[in-house]
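Open the model in your viewer and keep the selection panel at hand.

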Amino acid sequence: MRYPGPDHREVGCRWVFPSVVWQSGAVVETGDEMHVRVSSEQSGDARIVRAEGELDLHTAPTLQAEVDAALEHNPPLIVIDLTKVDFMDSTGLSVIVATVAAMRERGGEVRVVTGADKITKVFTLTGVDQQVGLFGSLEEALA
Amino acid sequence: MAVCTLAIPPDTEQVRVARLVATAAARRTGLPESWIDDVRLAVGEAVGRAVVRQQRAGTLSPVHVRLIDEDAGFAIEVADTAAGIGADDSTLALDLITGLVPSVHLVDQAGAGQVIRMEWSGDEATQDR
């Protein structure tokens with residue numbers, strides 16, 4: 001087990017073979033198969049929220065909880081990193097739309113790193129790409 | 001024409017099962033690989049929407065998914081039995097489905113639920129068959 005520091009959160013959701021235990025603020029060995037894993041960390045003024053796996057009706061609440069925790073830090077910028085997301089549906093997209101609205105109320109901004117074309121497509125088909133900045137890499141989003 | 005039918009419990013966790021089976025069925029029918037991700041996302045949206053509708057209606061009846069291998073292409077029908085509920089809270093699911101699928105029909109069964117029929121057909125869908 002490694003302890004990444006007090007500003008790092010990592011939460012898992014639904015393992016088919018749950019051979020692991022997740023603890024607040026700690027990263028424990030992963031299981032055989034997961035649907036989604038989320039984590040967050042501070043980078044300068046920005047709060048980075050990362051997701052990995054599949055974001056759908058069942059797992060989107062896990063991302064929502066991580067975003068809610070990020071909002072509590074009152075950052076001026078939240079970067080949602082979807083680089084390692086293999087699948088995202090409209091419920092995952094809804095979490096991002098709600099985050100954009102919440103950050104606008106606070107005078108903040110949300111940027112999204114989309115990674116795969118199939119994830120970008122979810123934003124463009126729904127027009128959400130007009131509401132939030134999409135970036136090809138985390139470095140670009142933080143620049 | 002070959003038809004496979006799935007009965008999915010109205011449980012959000014089971015939507016993934018429908019995605020996996022529909023994707024496998026689409027590949028088996030010879031649908032172009034470039035369309036497989038669209039099938040995966042569209043069926044996930046349709047089944048997820050149906051599961052939410054069943055939950056809102058308070059019914060434990062399954063969502064029925066028909067995977068149809070037709071001469072003209074591939075079709076998926078997703079049927080719920082939710083009655084007496086209002087409009088969807090969000091249109092994102094239907095926006096995505098209509099953006100992903102060449103032909104979509106939404107049929108309201110007069111108080112007995114809804115059926116979404118999604119069709120991938122035409123020359124491109126059948127060229128490798």
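Start by selecting Asp69(B): its bridge partner is Phe74(B), in β3(B). This is a predicted model: local features need pLDDT of at least 70, side-chain atom pairs count only at pLDDT 80 or more, and totals for chains, interfaces and linings use all residues. Residues are numbered from 1 along each chain as its sequence is written, with chains lettered from A and ligands numbered from 1 in the order in which they are written.

Now widen the selection to residues 63–70 and 73–79 of chain B. These are strands β2 and β3, paired in the antiparallel sense over seven bridges. (Strands are DSSP E runs of at least two residues, helices H or I runs of at least four, numbered from the N terminus; two strands pair if DSSP finds at least two bridges between them.)

(Contact means C-beta atoms, placed from the backbone, within 7 Å; axes are lines fitted to C-alpha atoms, for helices over the stretch in contact, and angles run from 0 to 180 degrees between N-to-C directions.)

Then take residues 33–57 of chain B.

Move to helix α3 of chain B, residues 92–100. Leu92(B), Ala93(B), Leu96(B), Ile97(B) and Leu100(B) are buried there. (Buried means 20 or more other C-beta atoms within 10 Å of the residue's own, with C-beta atoms placed from the backbone.) Look down the axis of α3(B): its buried residues fall within an arc of 135°, so they line one face of the helix. (The arc is that of the directions from the helix axis to the C-beta atoms.) Their cover includes α2 and α3 of chain A, along with α2, β4 and β5 of chain B.

Finish at the chain contact. Here 12 residues of chain A are in contact with 17 residues of chain B. Helices α2 (90–105) and α3 (117–126) of chain A each supply at least two residues of the side of chain A that touches chain B.

Technical notes:
Contact = placed C-beta atoms within 7 Å. Buried ≥ 20, exposed ≤ 12 C-beta atoms within 10 Å, placed from the backbone.
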